[in-house]
Amino acid sequence: MTDTEASLSAPKNPPFNLTVLGTGLLSTALVLLTLYLLKRWDADIDPMGWYVMPFIPVGAILVGVGAGCGYGIGAYFSGIKVKWRMLTVVLILQTAAYFASHYIEYHDFAQTHPAWAARGFVAYFDAMTRSLEFHIGHNRPGAPTSPSDILKLGVWNYLLRGAELLGFLVGGVFIPLVLSKKPYCETCQVYQRQKEFLVLTLGIQPEVTKKKSTPPLPPPPESLPLNTAAPTQPPTDTGLEITHRLLELAAAGDVTNFQTLVAEHKPRTKKAKKATERQGLQLRYCPICKAGELVVLRYTGQGQALKTATVETLPVDANWVVGMVG
Ligand SMILES: [Zn+2]
């Protein structure tokens, strides 16, 4: 078999490998060990059972994120693209880990309660689930708990168990899911790097120094279809215009003038990031083959209300990427 045949028959982008499995199981084991030690130290400490408002299993979600982060870390460093097949395997392993943690709890309990050792894990899990109590209301520390503050749901506690398992699973796939959105080079099977050059407001750029900026560059060539319908020449110092000029320089493979223009307007980034609507220019490239693209991103809002949209994508030459990132 020739090398070409070997590479053709080799599985491309396997859904899992030993590194991903190893780091995933390691993070899961470490988190479950921590929970186990906490519970041995104080039986009332149960992060998995922390709920807010009152039935959102925040504790289980956070524990799940910690347990599943190893799968994401392993996939990132071994260049495995996260796809649905991997997420499915993670969900199965996390489900197994969830029940394993309860089994360990049962095993410990059975050591000191021989009657439960005879009844088995399923009976123990059922009894534990049905006896779950919810403490609601706000008691003063040390004050006896009023019976009206304790919620006993009996068999309905299985809904809470379900929510707990669901939280643990959602947390478990959270980091792999975030990684699945990251740009990826299919050729080299590696995650792409990102470099943000600058962020500008869409209109006239706010001044950051007293010194007047450089004179405007000549208008774009007439051959370009953009702006031809505009009755008057648009201002040359708007974010849209500067971004347009940067894209032209990158398309022409001009490293020096691109860097000069970025250096000139980069100080405006800090001020522009406070604007309601702004535009960023980002380079995404493969660290191996240097294939890359320039991406114009439109940001709207701030904080949790932040929305990001891709306005334009321009594939750039690998030599230009080398000139930009070394
Ligand atoms: Zn590549």
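Me: Among contacts between residues at least 6 apart in sequence, what percentage join residues at least 24 apart?
Reply: The figure is 69%. Keep in mind that this is a predicted model.

Me: What is the mean pLDDT, then?
Reply: The chain averages 82, and 81% of its residues reach 70 or more.

Me: Where does pLDDT stay under 50?
Reply: Over residues 1-11. The model has 1 contact beyond four places in sequence for that stretch.

Me: How many helices and strands are there?
Reply: The chain has 11 helices and 8 strands. It is 326 residues in length, and 24% of them count as buried.

Me: Take Gly68. Buried or exposed?
Reply: Gly68 is buried, because it has 30 C-beta neighbours inside 10 Å and the cut-off for buried is 20 or more. Gly68 belongs to helix α3, residues 58-78.

Me: Which residues does Gly68 touch, leaving out those up to four places away in sequence?
Reply: Gly24, Val90 and Gln94, plus the run Gly171, Gly172, Val173, Phe174, Ile175 and Pro176. Phe174 is 106 residues away along the chain, yet its C-alpha atom is 7.7 Å from that of Gly68.

Me: Switching to helix packing. At what angle do α4 and α6 pack?
Reply: About 100 degrees, with the axes 10 Å apart. That makes α4 roughly perpendicular to α6. Helix α4 covers residues 84-112 and helix α6 covers 121-130.

Me: Which residues meet there?
Reply: From α4, His102, Tyr103, Tyr106 and Phe109; from α6, Phe121, Tyr124 and Phe125. By class, that contact has 6 nonpolar residues, 1 polar and no charged ones.

Me: Now the sheet with β5 in it. What is the strand order?
Reply: β5-β6-β7-β8, an open sheet of 4 strands with antiparallel pairing. β5 (193-201) and β8 (307-316) are at the edges with a single partner strand each, so one side of each has no neighbour in the sheet. From one strand to the next, the twist averages 20 degrees.

Me: Which helix packs on the sheet?
Reply: α11, residues 318-325. Helix α11 touches β5, β6, β7 and β8, and its direction makes about 105 degrees with that of β6.

Me: And how many bridges join β6 to β7?
Reply: There are 9, between residues 277-285 of β6 and 292-300 of β7. In that pairing, Gln279 stands opposite Arg298 in β7.

Note on methods:
Residues numbered from 1 in each chain as written. Predicted model: local features only at pLDDT ≥ 70, side-chain atom pairs only at ≥ 80, totals over all residues. Pairing = 2+ DSSP bridges. Helix = DSSP H or I, 4+ residues; strand = E, 2+ residues; numbered from the N terminus. Axes fitted to C-alpha atoms, helices over the stretch in contact; angles between N-to-C directions. Contact = placed C-beta atoms within 7 Å. pLDDT = per-residue confidence, 0-100. Parallel < 35°, antiparallel > 145°, perpendicular 65-115°, else oblique. Nonpolar A, V, L, I, M, F, W, Y, C, P; charged D, E, K, R; others polar. Buried ≥ 20, exposed ≤ 12 C-beta atoms within 10 Å, placed from the backbone.
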